[in-house]
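User: I am learning to read protein structures and would like to go through one carefully, feature by feature. Please begin with how to read the contacts of a single residue.

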Amino acid sequence: GKSIPLPRLQAWYADNGAVLRYSGMSLRPLVWSSELLSIREWVTTLTGLHFNSVLVNCYRNGNDSVGWHSDNESELGPNPTIASVSFGAARGFILKHLFKDDVKQVKCQLTHGSLLVMGDGVQTHWRHQLPKRKRISQPRINLTFRNIVQQ
């Protein structure tokens with residue numbers, strides 16, 4: 001119920017003016033850059049999936065983070081797939097099951113150039129986070145490619 005500053009920088013790019021709404025914010029899209037279009041094409045080639053939008057997050061250092069959440073906004077549809085591309089500092093990424101406390105958390109390092117695809121059921125059954133890490137002094141850019149299906 002209280003307002004807190006976003007602990008990272010972000011920008012939203014999308015086809016056809018698609019708006020992303022989450023946490024009380026409405027993000028209007030910027031025009032795709034040639035670099036982002038090239039990376040989107042690379043992701044499509046690797047995954048066989050097409051995405052019509054990308055949320056760009058800049059984690060300036062280990063003090064920037066994103067807390068536990070699922071990407072389950074209605075405009076992403078009932079079972080979204082998200083492709084995450086990382087550049088810069090390696091950061092730990094953690095997933096935990098929403099309903100089963102006995103299922104171990106899944107932890108992985110997202111390194112420079114890595115691609116993580118969160119597919120079928122991930123957003124409906126799991127939460128994920130990128131926790132603060134005080135010892136990290138270098139920035140990380142993360143591109144999360146998505147499909148806006150409801151406008």
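**Contacts and core**

Analyst: Contact means heavy atoms within 4.5 Å, and in this sense phenylalanine 145, leaving aside its neighbours within four places in sequence, touches Trp32, Leu36, Ile39, Arg40, Val43, Phe51, Ser53, Val54, Thr81, Ile82, Ala83 and Val85. The model is predicted, so to speak of local features a pLDDT of at least 70 is needed, side-chain atom pairs count only at pLDDT 80 or more, and totals for chains, interfaces and linings use all residues. Residues are numbered from 1 along each chain as its sequence is written, and side-chain values use heavy atoms, with hydrogens and water left out.

User: Which residues have the most contacts inside the largest nonpolar core?

Analyst: A nonpolar core is a set of buried Ala, Val, Leu, Ile, Met, Phe, Trp, Tyr and Cys residues joined through side-chain atoms within 4.5 Å, where buried means under 20% relative accessible area, exposed over 50%, and partly exposed in between (1.4 Å probe, protein chains only). Here the largest such core has 13 residues, and those with the most contacts inside it are Tyr13, Leu36, Val43, Val54, Leu143 and Phe145. At least two residues of this core come from each of E1, H1, E4, E6 and E11, while H1 gives the largest share, 3 residues. A second, separate core has 9 residues, among them Ala18, Leu20, Leu27 and Leu76.

User: How many salt bridges does the structure hold, and which parts of the chain does the one between arginine 40 and aspartate 15 tie together?

Analyst: Side chains of opposite charge can pair when their charged atoms come close. A salt bridge is a side-chain nitrogen of Lys or Arg within 4 Å of a carboxyl oxygen of Asp or Glu, and the structure holds 3 of them. Arginine 40 and aspartate 15 meet at 3.3 Å, N to O; because arginine 40 lies in helix H1 and aspartate 15 in the loop between E1 and E2 (20-22), the pair ties together parts 25 residues apart in sequence. Arginine 40 is buried, with a relative accessible area of 13%, whereas aspartate 15 is partly exposed at 23%.

User: What about the salt bridge between aspartate 71 and arginine 146: are the two residues buried or exposed?

Analyst: In this pair the closest N and O atoms are 3.7 Å apart. Aspartate 71 is in the loop between E5 (66-69) and E6 and arginine 146 in E11, so distant parts of the chain, 75 residues apart, are linked. Both residues are buried.

Notes: Helices (H or I, at least four residues) and strands (E, at least two) are DSSP runs, numbered from the N terminus.
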